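Q: Could you walk me through how to read a sheet, the helices packed on it, and a buried position in a model like this?

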Amino acid sequence: MPEPRSGGHRPPSRRAVLASAAVGLGAALTTTLTSCSTASGEAGGGGVSLTFSWWGNDDRAARTEKAVRLFEKEHPGITVRTSNADFGSYLQKLATQAAGGGIPDVVQLDYRQISQYAGSGAIMELTRPVADRTIRTSEIDEDFLRTGTYGGKLYAVPMGRGITGYAYDTRIYEKAGIPAPKPSWTWQEWAEDNRRIAALGLRSPDGRHVTGANDGAGNEDVFEDWLRSHGKQLYASQTRLGFTEDDLTDFWTFFDRLRRQGAVAAARDTSQAISTETSPIGRGLSAADYTWDAPFPAYTTLLGDSVRFAPVPTIDGKAGQYFKPSMLVGVGAHTAHPKEAAQLVDFLINDRRAGDILGFTRSTPPNRAIATRVAKTLKGAEREIYDYAVMMEKYGLSAPPTAPPRGDVAIDTAFGREYERVGYQLATPREAARELINAANRELRS
Amino acid sequence: MSTVSTRAPARAPRTTQSRPEAGRRRRRREQQWPAYVFLSPWMIGAVVLTLAPMAVSLYLSFTDYNLFDPPHWIGLRNYTEMLTDDPRYWRSVGTTMLYVVIAVPLKLGVALGAAMLLKNLGRGRAFYRSAFYAPSLLGASMSIALVWKALFNDGGSVSGLLGAVGIHAGGWVGNPHLAVYVVVLLTVWQFGAPMVIFLAGLQQISPDLYEAASLDGAGRWRQFVSVTVPMLSPVVFFNLVLETIQSFQVFTPAFVITGGKGGPADSTNFYTLYLYERGFTASHMGYASAMAWLLLIAIALVTLILFRTSRSWVFYAGEDGR
């Protein structure tokens, strides 16, 4: 190409444009490559990079991040990449990661996931790190630790200890002349109290009849408490149910009758209850709501201090409740750094400073020493659930079952759905019970 | 260059035509590769993202794949269990059929009605056309489904309005007999897309036909039955096939309105919702794959039936109008 004439304004030649484009591209590429090499340099500089994922709200996320940063400071050379999500999407994401062999090194798990993840070899057996005390378990209750076992071997460590109860409005209970419930109150007394509240003829803000409690018959947790107070259990083994069609029919008939009498919430209010705000008590339609201890403080935030936490009724004084792991933590089976991953697990469970940071964000800490230490700082509703747990422990609860079988996720949803058919009078308690048992057996077989 | 052959006289002897014909074919072959180069992103996409997963899902439908363990071949067990041992499967089929049978004619009827009104509208037509079309763009979104849920919930505007005129039915979402109609109404509300197609079809009908009909003394209704309906029947058919196929796959609104559960009491547990639950909640991916294939076959069959019946009622002006 001939040299362009000098002087005067001229449009940039094609070559000039191309050249500058090439330079720009080159610069962009170099930047990208450099940034890549910095990133890998950090990880590769003799250090170890771990991944850790959990679900939960913003408060839990902030506290967990803070604890993880402290762990990194204590263990120079280990970096932890964290990720979290809400419960529903977390479960699906984790299942997909597990299917692709890309499960994180350290992973928060739900009680219902343990059998599936342990049984299919997605998470690691923890016998060795527990034996060499990389993960210390001496300050965790033995029965409670057992909830993380599958086939007799430990696969996950509980991160928090939860218990069920009834959030109830003391003002309505007083109006009906019902004393504060004791741990020994029975289902019969509970039913009678609900009828008495219904007979008060109170009206909700939108002018509807106020009932005694929510209709918990579609909740597998309520049924489990009921069964255990009868000395039975949900699952006899990983492949067999622990109850019969008659047991379930009795349970559903009991609630069906109360609902028809207007003593517990109507079916349409039950099916629309998906949060504290939409629960019957949250809408002013009931005096009580079955719930877990960790979400209880949300009820007092919504409804005021007149809401207290009561024990689940018993059969002749035998309580069915138990301390259940609100969530557990395990180590991915394909981790390249099992030792460091186990160190992080131990740190989250047993380190005093981590315990101070994490507080009660995953219910009562499983480590007794940490729980007692943190409890001293609690106030209001959090204080109440802590005292409640202490009271129930003193009252005496039987040991928790081992992790439910892998079909339980599906059985749990089937349970609510089948009772819904009873609630809308599309099936009798026995018909629904029969269908639930068929569906459950199909899940347990496959 | 290509104009040479088209301009060639039709009566030209074959021998003179064959050479440029062959040359053109060769040229076309030579010229095809750039087309494939430009198509390749979509071809790769179609193979990698659609055809291959379909093949895998067909394989998985004969296995017990559960996301965690390697799949085991179990033959037709998923299919037989579905058809003979799963009452919820058949309930979901029934719910879906009910929805299709109600929602599709209703939506097409409203779309045709609106198109007829707009056709005779003078100045405001462009505005109303856009206004009616807008819901079709919004309707598939999560946010609209959430608004819909709020409208039809207990204490929502709909139960409030009905209550004001003395109908105390409560929220529709919490009523197993009404919940499915919440989804139907949301679908019908999106009548804009078929309406635009109907409108285009109506504008194609020659005014001469109406003029001739009115000279013969035909009233408005008579004109509609004897001119509009037959002349529009290909467009009706097109919309019918499209809407039917879409309706069998209804998912998002039902998923959002019922919180992913298909409730209350399974009353909105549409086929795709049940499929999703089997696959992603219960992690029975093999079973879910089998369900997907039966759905594909069912939709293909229904479409085939529609095409068969169309011979007796769809009127193509080109066939015997000439």
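Q: In what order do the five strands of the open sheet in chain A lie?

A: A sheet is read strand by strand across its pairings, and in this predicted model the open sheet of chain A has the order β2-β1-β3-β10-β6, with mixed pairing. Because β2 (78-85) and β6 (156-162) of chain A each have a single partner strand, they stand at the edges, and one side of each is left without a neighbour in the sheet. From one strand to the next, the twist averages 20°.

Q: How many bridges join β6(A) to strand β10 of chain A, and do the two run parallel or antiparallel?

A: A pairing is described by its bridges and its direction: β6(A) and β10 (residues 324-331) of chain A run antiparallel and are joined by six bridges. Within this pairing, V157(A) stands opposite V329(A) in β10(A).

Q: Which strands of chain A does helix α13 lie across?

A: Here one asks which strands the helix lies across and at what angle it runs. Helix α13 (residues 338-350) of chain A lies across β1, β2, β3 (106-109), β6 and β10, and runs at about 155° to β10(A), whereas helix α2 (residues 58-74) of chain A lies across β1 (48-55) and β2, at about 170° to β2(A).

Q: Turning to chain B, is A103(B) buried or exposed?

A: Burial is judged by counting neighbours, with 20 or more other C-beta atoms within 10 Å as the cut-off; A103(B) has 23 and is therefore buried. A103(B) belongs to helix α4 (residues 87-119) of chain B, and beyond residues up to four places away in sequence it touches V184(B), T187(B), V188(B) and S247(B).

Conventions: Residues are numbered from 1 along each chain as its sequence is written. Chains are lettered from A and ligands numbered from 1 in the order in which they are written. This is a predicted model: local features need pLDDT of at least 70, side-chain atom pairs count only at pLDDT 80 or more; totals for chains, interfaces and linings use all residues. Helices (H or I, at least four residues) and strands (E, at least two) are DSSP runs, numbered from the N terminus. A residue is buried if 20 or more other C-beta atoms lie within 10 Å of its own, exposed if 12 or fewer, and partly exposed in between; C-beta atoms are placed from the backbone. Two residues are in contact if their C-beta atoms, placed from the backbone, lie within 7 Å. Two strands pair if DSSP finds at least two bridges between them. Axes are lines fitted to C-alpha atoms, for helices over the stretch in contact, and angles run from 0 to 180 degrees between N-to-C directions.
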